[in-house]
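I wanted to look up what surrounds the ligand and what lines the space around it.

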Amino acid sequence: METCLFCQIAKRERPGKIVYEDEQSVAFEDIHPKAPVHILIVPRQHIATLVDANEADDRLLGHLLLVANRIARQVGIADRGFRVVINCNSEGGQAVYHLHLHLLGGRPLTWHPA
Ligand code: AMP
Ligand code: ZN
């Protein structure tokens, strides 16, 4: 996994604007932000996609959502509202194959896919 971009950012082997980290996860600013707040939350453990996660990862997956909750509060968008997105595999628009949550906010998010 030495060549995985997000593993490298998590290990600080590659630059990233890290805004939060704990034992299980790291969060950093997206390099091409689509909103005033655009933060990526990744597990330290390399999991390529959401479908590569399994029952053993259930606590970790819950933890990542709580990290999104915490950061949304920290940056002041919790009450206004925000969105958490996981793109999975090619038709889901995934470009980086290390599981990540996009935390988007700071402007009205108009695109409603569902
Ligand atoms: P996805 O399409 O869900 O795989 O999202 C990948 C995201 O990673 C995109 O929003 C990119 O802008 C972002 N990204 C790519 N390279 C970097 C990087 N070096 N640092 C921070 N974000 C990045
Ligand atoms: Zn990785």
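I took helices (H or I, at least four residues) and strands (E, at least two) as DSSP runs, numbered from the N terminus. I worked on a predicted model, where local features need pLDDT of at least 70, side-chain atom pairs count only at pLDDT 80 or more, and totals for chains, interfaces and linings use all residues. Residues are numbered from 1 along each chain as its sequence is written, chains are lettered from A and ligands numbered from 1 in the order written, and side-chain values use heavy atoms, without hydrogens and water.

Entry 1, the pocket. I defined a pocket on a 1 Å grid over the protein atoms alone, as an open set of points where a 1.4 Å probe fits, with protein on both sides within 12 Å along at least five of seven lines; lining residues have an atom within 4 Å of a point. The largest pocket has a volume of about 770 Å³ (the space filled by probe spheres set on the points, which are joined across faces, edges and corners). I found 31 lining residues, with Asp30, Lys34, His38, Leu40 and His102 closest to the pocket centre. α1 gives the most to this lining, three residues.

I counted 16 residues around ligand 1, each with a heavy atom within 4 Å. α1 (5-10) and β2 (25-29) each supply at least two residues of this shell.

A polar side-chain atom of Asp30 is 2.5 Å from an oxygen atom of ligand 1. For Gly93, a backbone N or O atom lies 2.8 Å from a ligand 1 oxygen atom. A side-chain N or O atom of His100 is 2.8 Å from an oxygen atom of ligand 1.

Terms used:
A polar contact is a pair of N or O atoms within 3.5 Å; within protein, one must be able to donate a hydrogen and the other to accept it, and residues adjacent in sequence count only if both atoms are side-chain atoms.
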